[in-house]
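The exercises below are meant to be worked with the coordinates open, and each task is followed by a solution that goes step by step.

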Amino acid sequence: MRRTGTTRRGALTATGALALGAVLTGCGEDDKGTGRPALTEAEAVRADKALRRAAAHTGALALAHYDLVTEAHPDAAAGLAPLRAAVRQHIGAVAAGRPQPPAAAPGPVSTDRPTALKELAAAERRRADAHAEALLTAEPELARLLASVAAGAAAHAYLLTELAKETPS
């Protein structure tokens, strides 16, 4: 006797058809369905500049923090140099060639090297979070750039956390 009712194969086929329908429907929509208000060209340019300025400032704060850690712990300078150079490149990319004023130093750093590295990792996590937050209002081109920079900052946070674990006090 044959079993009746819903089978696994039937359920998977129906789910696949629904997913395909959703994907195809999404492909045909334009930017008017994003829920964001339409901006004039001047407003879009101002918004882009403001996001870039904020992202560059966030990067400059992280760069200043790297400098403080390097000054407090000169033996860590060689290990931090590639990460610091990447942060400088991130600033240049988001600033789009516009010169940025240096950020104020974020404050004193711990005299304990692992703690200082953990503080630097926390600063990188804040930078990644700030860039990820900016994605919500950025135009597509800038959003892609901010996503890449946020991913880089998150990777730095991970590397710094691991370095702090390996570093003796």
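**Exercise 1.** Locate S110 relative to the helices, and decide whether S110 is buried or exposed.

*Solution.* In this predicted model, S110 lies in the loop that runs between helix 3 (77-95) and helix 4. The relative accessibility of S110 is 17%, and since buried means under 20%, S110 counts as buried. Leaving aside residues up to four places away in sequence, S110 touches H73, T115, A116 and E119.

**Exercise 2.** Compare the span of helix 3 with the expected one, then state which of its residues are buried and which helices they pack against.

*Solution.* Begin with the length: helix 3 has 19 residues, and from its first C-alpha to its last it reaches 25 Å, which is close to the 27 Å expected at 1.5 Å a residue. Next, turn to burial, where L80, L83, A86, V87, H90, I91, V94 and A95 of helix 3 are found to be buried. The buried residues of helix 3 pack against helix 2 (41-72), helix 4 and helix 5. Finally, look just past the end of helix 3, where A96 takes a positive phi of about 55°.

**Exercise 3.** Determine how helix 2 and helix 3 are oriented to each other, and which residues make their contact.

*Solution.* The axes of helix 2 and helix 3 are 9 Å apart, and the packing angle is about 165°. Because angles over 145 degrees count as roughly antiparallel, helix 2 is roughly antiparallel to helix 3. Their crossing is left-handed. On the side of helix 2 the contact is made by R52, A55, A56, G59, A60, A62, L63, Y66, D67, V69 and T70, while helix 3 contributes A77, L80, L83, R84, V87, R88, I91, A93, V94 and A95. Sorted by class, the contact of helix 2 with helix 3 has 15 nonpolar, two polar and four charged residues.

**Exercise 4.** Repeat the analysis for helix 2 and helix 4.

*Solution.* Helix 2 and helix 4 pack with their axes 10 Å apart and at an angle of about 175°, and they are therefore roughly antiparallel to each other. In this contact L51, A55, T58, G59, A62, H65, Y66 and V69 of helix 2 meet A116, L117, E119, L120, A123, E124, R127, A130, H131 and A134 of helix 4. The classes of the residues in the contact of helix 2 with helix 4 are 11 nonpolar, four polar and three charged.

**Exercise 5.** Describe the geometry and composition of the contact between helix 4 and helix 5.

*Solution.* The axes of helix 4 (residues 113-134) and helix 5 (residues 140-166) come within 8 Å and cross at roughly 165°, so the two helices are roughly antiparallel to each other. The crossing of helix 4 and helix 5 is left-handed.

**Exercise 6.** Summarise the chain as a whole: what pattern does it follow, and what part of it is buried?

*Solution.* The chain has five helices and zero strands, so that reading along the sequence gives the pattern α-α-α-α-α. Of the 169 residues in the chain, buried residues make up 30%. Among contacts between residues at least 6 apart in sequence, 82% join residues at least 24 apart.

Methods: Residues numbered from 1 in each chain as written. Predicted model: local features only at pLDDT ≥ 70, side-chain atom pairs only at ≥ 80, totals over all residues. Heavy atoms only, no water. Axes fitted to C-alpha atoms, helices over the stretch in contact; angles between N-to-C directions. Helix = DSSP H or I, 4+ residues; strand = E, 2+ residues; numbered from the N terminus. Parallel < 35°, antiparallel > 145°, perpendicular 65-115°, else oblique. Left-handed = near helix turned anticlockwise from the far one by under 90°. Nonpolar A, V, L, I, M, F, W, Y, C, P; charged D, E, K, R; others polar. Buried < 20%, exposed > 50% of the residue type's maximum accessible area, 1.4 Å probe, protein only. Contact = heavy atoms within 4.5 Å. Expected span 1.5 Å × (residues − 1).
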